[in-house]
Amino acid sequence: MDVNSPTFIFLNAFLINNFVLAMFLGLCPFLGVSGKIKTAGNMGLAVTFVMLVSSVCAFGLNLLLTRYDLEFLRLISYIAVIASAVQLVEMAIKRFSPALFRALGIFLPLITTNCAILGLALFQTAREYNFVQSLAFALGAGAGFSLALVLMAGLREKLELADVPSVARGAALSLMIAGLLSLAFMGFAGLGG
Amino acid sequence: MSEKPFSDIRMETFTQGLWKDNPVFVMMLGLCPTLAVTNSAMNALAMGLATTFVLICSGLLVSLLRNVIPKQVRIASYIIIIATFVTMADYGIKAISLDVYQALGAFIQLIVVNCIILGRAEAYASKETPGKAMINGAGMGFGFTIALLCLGVVREIMGSGTFFGLQVMPDRFQTWSIFVLPPGGFFVLAGWLVLFSWLQERKVRREAV
C-alpha cells in the first residue's frame, strides 16, 4: 500500500500508530473519562468532531503563515484557533442539536487542552500532508482515540468487581490496563507501519 | 504559616512541588510527555528542563500581569504567554542540540497543553508575588524533571542497557526492548505508583502500631 494514500494514513492513525496507545496523546481524558462506556463514546465523538474542524483550520492557517514567512507564530496561532474552534463548535451544537449538547456536557470546553488535538495539527504540518491527507489523518486519529477510550471503559467496567490488591487500585491499575492494550495494539504493526 | 520566617516559606513552596505535590506521581498531571519522551534518560532530562524553563518564565510573567489581565480572558491570556515561552524553548533546543530536538519531535511544542503549567498559572502564579511564583514554578519543574528521570533511567537501563548513553549492563545482558516501546512506559509508571502507594501504606501501618 502507498504510504501517502489517504487510506493508509487513516489506518496508520487509527490502528498502527494509535494516538493514545502508541503516541501517548490525549492521556488525561483517556484516564479521566474512561469510567463508563457511554460517556467514553460521547467523548470520542466530540474529540473526532473537533479534530476534523481544527485540522481544516490548521491546514488553512499553515498556508497563510508559510506565505508570509511567519512560521514562528505557528504554535500561538494554532492554539488560539483550536480554542476558538472549540468555542464555535460548542455554540453551533447548542443551537442545532441541544440533545447532543447535553450529552457532551462539560467535555466540550475541556477538549481545548487535549494534547491530541494540538498534536494532530502539529504532526500534519510536520509531515506536510495535503488537504485530503489531513482530513484522513484527522478522521483516523479521532476514530483511534474513540476506539481506545471505549475499549478502556469496557475493561474498567468489568474490573469494578475484581479483587485487586489495595496498593494497585486506581491510577496504577488503569495504567497497567493501558499498557496491556498498548501491547495488543503493537500487533497491528503487521498491517505495514 | 504566618509565624514562620520568610526563608522557610520560600523553602516550602519549593519543596512542595518536588515531593509532596509531585506533579506526576501525586497529581497525575502532564502524563502525555511523561510517557512519550522517557525512552531514554537524556530525552527525559531535556524535556524536564524545557518544561521547568517554561514554568518559571510563565510563572513570572503571569504573576507580574496578575492585576492587569481581566478575569474573563485570563485563560486565553495565560495560554498565549505559555505558548510564547514554549516557542522560545523550542528554538532554543533546536539551536543547542539537533539530536535531542529530533528525538523529542512535536512534544516540545506540546508543552503548551501540559496541564501542569496552566494549572500553576491559574492556581498559584495569578495570586502570588513574582518571586514566590518563580520559586513555586521551579519546584514543580524540578519535581517533574525528577519524575521523568525516574521513568527514563529505568526504561533506558532495562530497554537498551545504557545510562545516559553509557553502557552499564554487562554484554551478556539481554535487553528488554519492551521497556523502550510504548507499553513499557505505561508499565514502568504503574510500577512506580504501586511502589509509592506501598511505601505510603507501610508508613501508615507503622504509625498505627
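A crossing of two helices is left-handed if the near helix is turned anticlockwise from the far one by less than a right angle, and right-handed if clockwise. By that rule, H3(A) and H8(A) make a right-handed crossing. Helices here are DSSP runs of H or I with at least four residues, numbered from the N terminus.

A word on the source. This is a predicted model, in which local features need pLDDT of at least 70 and side-chain atom pairs count only at pLDDT 80 or more, while totals for chains, interfaces and linings use all residues. Residues are numbered from 1 along each chain as its sequence is written, and chains are lettered from A in the order in which they are written.

Back to H3(A), residues 37–67. The expected span of a helix is 1.5 Å times one less than its number of residues. For the 31 residues of H3(A) that gives 45 Å, and the end C-alpha atoms are 45 Å apart, so the two agree. After H3(A) comes Asp69(A), with a positive phi near 60°.

H3(A) packs against H8(A) at about 165°, the axes being 8 Å apart. Axes are lines fitted to C-alpha atoms over the stretch in contact, and angles run from 0 to 180 degrees between N-to-C directions. The pair is therefore roughly antiparallel, a label for angles over 145 degrees, whereas under 35 counts as roughly parallel.

Next, H1(A), residues 6–16, on H8(A), residues 131–159. Their angle is about 25° and their axes lie 7 Å apart, so H1(A) and H8(A) are roughly parallel. This crossing, too, is right-handed. The contact of H1(A) with H8(A) has 13 nonpolar, four polar and no charged residues. Nonpolar means Ala, Val, Leu, Ile, Met, Phe, Trp, Tyr, Cys and Pro; charged means Asp, Glu, Lys and Arg; the others, Gly among them, are polar.

Leaving out neighbours within four places in sequence, Ile9(A) is in contact with Gln133(A), Ala136(A), Phe137(A) and Gly140(A). Contact means C-beta atoms, placed from the backbone, within 7 Å.

Last, the two chains. 30 residues of chain A are in contact with 32 residues of chain B. H9(A) gives the largest share of chain A's side, eight residues. That side has 26 nonpolar residues, four polar and no charged.

Note on methods. Two residues are in contact if their C-beta atoms, placed from the backbone, lie within 7 Å. Helices (H or I, at least four residues) and strands (E, at least two) are DSSP runs, numbered from the N terminus. Angles under 35 degrees count as roughly parallel, over 145 as roughly antiparallel, 65 to 115 as roughly perpendicular and the rest as oblique.
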